[in-house]
Amino acid sequence: MSHIKAPIVDTERRRRRSTAESSDTQWDHDPRVYRRTSQCDRLCVDIGSHVAETPSPDVSHQYTPKCLSAHKGGTTPCHYGEEVWQDGSSLRTTIRAENEVEANKLANNYRFGFRKWKSHVTERPIEDRSDIVRELYSELNFVRPQGSLITCGNIAYLILFGWWISLAYLLVCVLMFLTIIGVPYGKLCWKLSCYFLWPFGKSILKPRSLVRRCCVKFPHCEAIPEESDSKEVKESTPLLMPPSVPIEVPPQRTRYWCRVSTYVWLLLGYPLLGLIHSLACFLSWILVFTIPVAKMNARTLAIILLMPPEDVHIHRLKKPQGCDSQVLLCCYHAFNWYYYKYTLDGINVFAVNLLPLVITTLVVGYVDTENQFVSSEAKFAAAVSSIIPLSYYIGMGIASISAQSNFAVGAVVNATFGSITEMTFYITALLRGHKAGTKCYEEIVKAALTGTLLGCILFIPGISMIIGGFKHREQRFNSRSAGVSSALLFISVGGVFAPTLFSKAYGSLVCAGCSSSQANTSGPFTCMDCHYDMSGSNEPLYLRHIEPLVYTISVLLPSAYLIGLIFTLKTHSHIYDIQVSDVHDHHQGQCPPGGASGGHGTVHWSRLRALSVLIMATLLMAACADLTTEHIKPILDHSAISQYFIGVTVLAMVPEIPEIFNGIQFALQNNISLSLEVGNCIAVQVCMIQIPLLILFNTFYDVGFVLLFSDLHLWASIFSVIVVNYIFMDGKSDYFQGTALVVVYLILLALYFFAPSPHAC
């Protein structure tokens, strides 16, 4: 018996070692990465090699091993990103990236004139991501240790989805029973009706007859969520069992597609339930945070409802199931806050969900021209909202091209397409105002320009400091690099408002009406609504002095922008002190080598695809801007709110919503430098690129655009620049400084809210 006991002792040791290792491992959260194939099959074959070589052991020596889920590696995943630390008198930024393209994207974030982009432009290895993110991409077909199932999200599922999906199954159940021949499907609908009312903590299983013979030997194996190839199980598997144990042979039954009940089900039951599941899938996907409900409905519709009813079994997950079953569906929570990180081909799920809104807005806007079905106000709101996803696509296209090109090409792409969102709206508004013969649209454009400037200077840095300050007590940034942006901001604001200051000094004061008291006609006059006018009453001064000044400034500002690019990208790039390194070694000034952490990686969008997306998004943006300017007139005419306020808030900040979220995410990662640069970069581009382009456009096609701003725009912008430079002086930030910036921004918004409407409106 010694030759029999030896293999048994050896396998017993191996079983104990596997059990000890399993206590330190956890269930995987992404079956796509760690595919749990038939572990029971492999274990049975391994032990069978010993059993086949020896006579059948005594029953008292048998054991029942526990099948383990596959655990890959055991090493800690690598994390990539930016690290900032104090080194002497400067802040050094070390970039750790998975590949060369991602390293270029991260380095571009620190370069002046480049659009800051938080999302990845290359595919990230799922094994390098956290367990929370892995769970987002799971297919809901794995068993894991369950916590509390009574959560607010699960209760919300019962209220929003569970009861009417369960009711639909109950009605189809009655219909199937009435057909007599569809009774098996009626029973299935009854089981699924109970399941979808509260699916949490339950699993839908499918029997696996091929592994059933193995599990007679090892009955305590856990359920196998992924179906393995049947060819892996050899026909010699009876050798794995003692001769005293009979082989279980599944009973013969009619093939699924040869049954009459199958076609009754496909004609009567499946279409109705397909409609219900499609509606639930659509609604839960649109809500984003309930995407697990969408996955559950999609998996049911595509797999479970097309299976033979006798193969669908529902069990509670109180203890592990046998390995003779395959997990088809297993859901624990209907709500997950982290689905805001979910992406499809690198595109954030919110941008994906808002894309149908763009198409619907354009179709309704250009088909219903008489506003018979949809009001003008609703079309305006839809058109403005459609700008948000298009801004996201433009931003991702710019980041993708810049990361795959040298800095010169990236700078050109950022300078041209970086302002395309705002420029499309400004030009279409000026064209519509010129066609209508009113200056109101010009005032709206100026208000939007000023609103973008104020929002990027005050609100984006302020809200980033507040949210980042709640997570990090104090955040530091490179004051030298911030000083470059601050200097250019001073130059740009001074240049833009120089013609306005010139008009205050030499312009004619025009008043709407002056009057004196009847008793004293020689006394002082009371004048209303006075302002300096350059275009009408003092046209010679404007043509001889103001207009040449505007053209001079429109040349000097882009020149200063170009000098800033050369200064920060070539001659003085050391002030950013950026190191690009891989996980193991630090290579000053060069990208990581190829391999696991280097190479070019797999980009989401190639340069050709990114360029195509840029062009398409630009065309759609122009169409949405045209609808916005077309349907803004009723709002301007009948709104009790100042037209200044509409331009400064809605038209200015809605296109910048993706940038606001980028700044917040940078701050949460303790990278406040990029949060500040997000706003400064846009503000500088407004003054040094967008306004000169509008002047150039007006030169070739006169739409009456005059670079003269109201006093409110002038002093609000100057005051904002002074405040933000004072805040940035010490190179530190906290939530108090962020609160100060946001409060200043809200005070200025209050000024615009209560300000009288522009003269032209």
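Which residue takes a positive phi just after helix 5? I180 does, with a phi of about 65 degrees. The structure is a predicted model, in which local features need pLDDT of at least 70, side-chain atom pairs count only at pLDDT 80 or more, and totals for chains, interfaces and linings use all residues. Residues are numbered from 1 along each chain as its sequence is written, and side-chain values use heavy atoms, without hydrogens and water.

**Exercise 1. Describe the packing of helix 24 against helix 25**.

Step 1. Axes are lines fitted to C-alpha atoms over the stretch in contact, and angles run from 0 to 180 degrees between N-to-C directions. Helix 24 (residues 711–727) packs on helix 25 at about 175 degrees, the axes being 11 Å apart.

Step 2. The two helices are therefore roughly antiparallel to each other (angles over 145 degrees).

Step 3. Contact means heavy atoms within 4.5 Å. Among the residues making it are A716, F719 and V723 of helix 24 and L741, V744 and L748 of helix 25.

Step 4. By class, the residues of this contact are 11 nonpolar, three polar and no charged. Ala, Val, Leu, Ile, Met, Phe, Trp, Tyr, Cys and Pro count as nonpolar, Asp, Glu, Lys and Arg as charged, and the others, Gly among them, as polar.

**Exercise 2. Describe how helix 14 meets helix 25**.

Step 1. The axes of helix 14 (residues 440–471) and helix 25 (residues 735–754) come within 7 Å and cross at roughly 145 degrees.

Step 2. The contact includes L458, G462 and I466 of helix 14, with G738, V742 and Y745 of helix 25.

Step 3. Its residues divide into 15 nonpolar, seven polar and no charged.

Note on methods
Helix = DSSP H or I, 4+ residues; strand = E, 2+ residues; numbered from the N terminus. Parallel < 35°, antiparallel > 145°, perpendicular 65-115°, else oblique.
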